Amino acid sequence: MRVVIAGGHGKIALLLERELAGRGDNAVGLIRNPDHAAALRAVGAHPVLADLEHAGVDEIAGHLTGADAVVFAAGAGPGSGAARKDTVDRAAAVLLADAAQAAGVRRYLLVSSMGVEDPPAPGRDEVWAAYLRAKKAAEDDLTRRDLDWTVLRPGRLTDDAPTGRIHLDRRVPRGAVTRTDVARVLVALLYHPGSAGRILELVDGETPIGEAVAAAGTPHHHPA
């Protein structure tokens, strides 16, 4: 499987690339900074320079030729202001979806965040509120498209050792989840096309990843 990952140098993206490469899949990471290429090669991924804040649809679509799926794992990152939350967390996700449709790539996984449907708590950081608004706008854009999309909303991310056991459903209680488990869930979703059309929240839990993802794609669940 050839998977193109936007935000290829992010923590989850690097873990995802390592997981895919370990399976013999072809992981392609889109990066803006050429200095990050070595980190991608070190995990077995193929780095491609592409600035999602300034590239056009045709340029990105060219990088998606022959891909089986795209994963949007980019983010403006800590220290960025509210404006960049919009240009990266929303607009770049929209650009990737436009490019996927132009390139004929139907499978699109969007890494979002728990909390995007909740109104921001009074007194919360305006930049955090802008991040959640941007993520929700990216979700709303994607879920209206004729693509085989899945939206994954992890809880609070940790760098703890993975447990391989999760709680995955349309709504789950707030909690934490390891970045490695998030990456492994993304791989499982790529291998379970029945999970298309679902918005799924993810935290640590009791169910093995494969079992949880398979259940998320079964007919008794209705698309959100």
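Select glutamate 117 first: at 33% relative accessibility, glutamate 117 counts as partly exposed (buried means under 20% relative accessible area, exposed over 50%, partly exposed in between, with a 1.4 Å probe and protein chains only). The model is predicted: local features need pLDDT of at least 70, side-chain atom pairs count only at pLDDT 80 or more, and totals for chains, interfaces and linings use all residues. Residues are numbered from 1 along each chain as its sequence is written, and side-chain values use heavy atoms, with hydrogens and water left out.

Glutamate 117 forms a salt bridge with arginine 170, the closest N and O atoms being 3.1 Å apart (a salt bridge is a side-chain nitrogen of Lys or Arg within 4 Å of a carboxyl oxygen of Asp or Glu). Glutamate 117 lies in the loop between β5 and α5 (126-143) and arginine 170 in the loop between β8 and β9 (176-178), so the pair ties together parts that are 53 residues apart in sequence. Helices (H or I, at least four residues) and strands (E, at least two) are DSSP runs, numbered from the N terminus.

Next, select arginine 106 and aspartate 148, a salt bridge with the closest N and O atoms 3.2 Å apart. This pair links distant parts of the chain, 42 residues apart: arginine 106 is in the loop between α4 (82-103) and β5 (107-111), aspartate 148 in strand β6 (residues 148-154). Arginine 106 is partly exposed at 37% relative accessibility, and aspartate 148 is partly exposed at 29%.

Move to aspartate 159 and lysine 11, whose salt bridge has its closest N and O atoms 3.6 Å apart. Aspartate 159 lies in the loop between β7 (156-158) and β8 (165-169) and lysine 11 in helix α1 (residues 11-22), so the pair ties together parts that are 148 residues apart in sequence. Both residues are exposed. The whole structure holds 21 salt bridges.

Stay with α1 and select Ile12, Ala13, Leu14, Leu16, Glu17 and Leu20, which are buried. Among the elements that cover the buried residues of α1 are β1 (2-6), β2 (26-31) and α6 (179-190). Just after α1, glycine 24 takes a positive phi of about 90°.

Last, select arginine 23 and tyrosine 191: arginine 23 lies over the face of tyrosine 191, at 4.7 Å from the ring centre (a charge sits over a ring if NZ of Lys or CZ of Arg is within 6 Å of the ring centre and within 35 degrees of the ring normal).

Definitions and conventions
Contact = heavy atoms within 4.5 Å.
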